[in-house]
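Please open the model in a viewer and keep the selection panel at hand.

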Amino acid sequence: MESLFTYIWQSALVLTVLFVLFQLLLRKERFFALNRAILLSILVVSLILPLSCHSLPECFSFLQYQGRAMSDTPYLDLGKVEVGKEMIVAKHDVYLVTSPWLSSHWKQMLLAIWIIGTVVFMVWQSMGIRLLCKILNDKTNVRERLPEGNTLLLTSATIPSFSWMRSIVVSVDDYAENGDTILAHERAHIAHRHSLDHLLLLIVQCVLWWNPFLWLLADSLIEVHEYQADMAVLEQGINATQYQLLLIRKAAGPAGIAMVNGFKRNKLKNRIIMMNKTFSLRGAKCRYLALLPMIL
């Protein structure tokens, strides 16, 4: 159990430190593919690195030993005991000291809390997966095979457009009004394989659901996904102003499924700013290079 606790807190520490560095240096950069790779690397490293150092560093053990040696606890030096001499032993009252229940069972309590949280999170995610499967397998959907091999599902339900793996779900009304723009956005999500990122996030969240920095990292990763999809839409010649107005209109609609790549996402202000932002290549290189020694 101690090894499990050590792994969990070390994994959380690695993720927190690296994500804070990313937020300080690279959050506003327009190198979306590189930022996405860095965020995914943080997730993977936070899971793998603690496996190679599953115990406390040796310096901690050395300090702990030194602390015991410098304490006031009396000890018997057997090398200075003289045989045959009478030793006077002071008489003291002996009391049996019992530790409180909490101090002796706190590890079991933390383990129980972690297990309960993991189960609750998995149940919550399973409900979203069940809803996703229900939408994708709905027999009333109109299915169409797109030229690049993706599957378009037209639904009569009032839900935000989204994509998952190689399937694109669009409501009939959205397809009639803005079909080309929505398809361009969702095709970008599929081309970049953003669904695989969601699966990796799901695995890490099952272990580190209690770490608030993991949820902040998840928001940053999803935001990068939307930046990539937005840029792909604009590169196809779609008017930027009309596209931004479309995003604003769709933001007022119903909420979508948490783990899919949705056309409607929050933080529209950041997305619009990023579409119109110009960047300095020289300054960006300096910030990326500064990240390397800080990581080490």
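Which residue takes a positive phi in the hairpin of β1 and β2? Select the five residues between the two strands: G149 is the one, with a phi near 105 degrees. Before going further, note that this is a predicted model, in which local features need pLDDT of at least 70 and side-chain atom pairs count only at pLDDT 80 or more, while totals for chains, interfaces and linings use all residues. Residues are numbered from 1 along each chain as its sequence is written, and side-chain values use heavy atoms, with hydrogens and water left out.

**The strands**

Next, select β1 (residues 142-145) together with β2; the two pair in the antiparallel sense over four bridges. Strands here are DSSP runs of E with at least two residues, helices are runs of H or I with at least four, and both are numbered from the N terminus. Two strands pair if DSSP finds at least two bridges between them. Within this pair, R143 stands opposite L153 of β2.

Buried means under 20% relative accessible area, exposed means over 50%, and partly exposed lies in between (1.4 Å probe, protein chains only).

**Two loop residues**

Move to the loop between β3 (162-164) and β4 (167-171), where M165 is placed. M165 has a positive phi of about 55 degrees although it is not a glycine. Because its relative accessibility is 34%, M165 counts as partly exposed.

Then select R193, in the loop between α5 (172-191) and α6 (194-208). R193 is likewise not a glycine, yet has a positive phi of about 55 degrees. With 56% relative accessibility, R193 counts as exposed.

**A surface patch**

Finally, select I115, V119, V123 and M127, which form a nonpolar patch on the surface with about 360 Å² of accessible area together. Patches are made of residues with over 30% relative accessible area and no salt bridge; like charges are joined within 9 Å, and nonpolar side chains (Val, Leu, Ile, Met, Phe, Trp, Tyr) within 5 Å. A salt bridge is a side-chain nitrogen of Lys or Arg within 4 Å of a carboxyl oxygen of Asp or Glu. Accessible areas come from the Shrake-Rupley method with a 1.4 Å probe; for residues, only the protein chains shown count as cover. I115 lies in helix α4 (residues 101-136) and, at 41% relative accessibility, counts as partly exposed.
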